[in-house]
Structures are given as C-alpha cells and as structure tokens.
Amino acid sequence: MPSTYTIEPADAKFDAALIRRNGASLLITSLNCDHPDGHNRLAQLLVDILARPEVDALIAEALGEAVSA
C-alpha cells in the first residue's frame with residue numbers, strides 16, 4: 001500500500017514546512033528564506049518526489065519497514 005505524504009505548511013509564525021509520511025514527521029524544510037511560500041513550494045516538490053513508488057520503497061527500507069514486493 002502506498003504511503004501517505006502530507007504537508008504542514010509554513011506560515012507567518014513557523015518559518016518551515018513539515019512533511020509527514022503516514023502521519024509521522026519525516027522532513028522539515030530549511031531554507032534561507034524570509035517568506036513561507038518558498039518553504040511550501042519546496043515541500044510540495046519534495047512530496048511529489050517522495051511519493052513515487054520507487055522512492056517510497058527506498059524510504060521504507062531506510063526506516064526498517066517491511067517492503068511488500
């Protein structure tokens with residue numbers, strides 16, 4: 001079953017976007033950027049890549065999760 005990736009976007013209070021995989025924190029964007037839009041664009045690009053089946057399988061393996069063939 002494919003993983004679910006979600007984004008908690010950056011905003012005026014928190015200057016980073018949080019990427020979650022199956023509800024667990026996975027990545028936080030870190031940019032030299034004063035505006036949340038940059039973090040949110042980066043987070044969306046990362047999710048588009050991470051959600052690819054071959055990449056998600058590598059992440060699952062790195063996290064020690066059982067990978068179905």
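Reader: How many bridges join β2 to β3, and which way do the two run?
Author: Four bridges join β2 to β3, and these strands run antiparallel. Strands, like helices, are DSSP runs numbered from the N terminus (E, at least two residues, for strands; H or I, at least four, for helices). Two strands count as paired if DSSP finds at least two bridges between them.

Reader: Is this model predicted or something else, and how is it numbered?
Author: This is a predicted model, in which local features need pLDDT of at least 70 and side-chain atom pairs count only at pLDDT 80 or more, while totals for chains, interfaces and linings use all residues. Residues are numbered from 1 along each chain as its sequence is written, and side-chain values use heavy atoms, with hydrogens and water left out.

Reader: What is the mean pLDDT of the chain?
Author: The mean pLDDT is 88, and 96% of the residues reach 70 or more. pLDDT is the predictor's confidence in each residue, from 0 to 100.

Reader: Back to the strands. Which residue of β3 is the bridge partner of isoleucine 19?
Author: The partner of isoleucine 19 is leucine 27. In the hairpin of β2 and β3, two residues lie between the strands, and asparagine 22 takes a positive phi near 50 degrees.

Reader: And what joins β1 to β2?
Author: Four bridges join β1 to β2 (residues 18–21), and the two run antiparallel. Threonine 6 stands opposite arginine 20 of β2.

Reader: In what order do the strands form the sheet?
Author: The order is β1-β2-β3, in an open sheet with antiparallel pairing. β1 (5–8) and β3 (24–28) each have a single partner strand, so one side of each edge strand is left without a neighbour in the sheet. The twist averages 30 degrees from one strand to the next.

Reader: Where do the helices go?
Author: Helix α1 packs on the sheet and touches β1, β2 and β3, its direction making about 170 degrees with that of β1. Helix α2 (residues 53–62) lies across β1, β2 and β3 and runs at about 80 degrees to β2. Such angles run from 0 to 180 degrees between N-to-C directions, with axes fitted to C-alpha atoms, for helices over the stretch in contact. From the N terminus on, the elements run β-β-β-α-α.

Reader: Which residues are in the largest nonpolar core?
Author: There are seven: Tyr5, Ala17, Ile19, Ala43, Val47, Leu50 and Ile59. Helix α1 (residues 36–50) gives the most to this core, with three residues. A nonpolar core is a set of buried Ala, Val, Leu, Ile, Met, Phe, Trp, Tyr and Cys residues joined through side-chain atoms within 4.5 Å. Buried means under 20% relative accessible area, exposed over 50%, and partly exposed in between (1.4 Å probe, protein chains only).

Reader: What does tyrosine 5 touch?
Author: Not counting residues up to four places away in sequence, tyrosine 5 touches several residues, including Ile19, Leu26, Val47 and Ile59. Contact means heavy atoms within 4.5 Å.

Reader: New topic: is cysteine 33 buried or exposed?
Author: Cysteine 33 is buried, with a relative accessible area of 19%. This cysteine is found in the loop between β3 and α1. Leaving aside neighbours within four places in sequence, cysteine 33 is in contact with Asp15, Gly38 and His39.

Reader: How far apart in space are cysteine 33 and isoleucine 49?
Author: They are 22 Å apart, C-alpha to C-alpha, and 16 residues apart in sequence.
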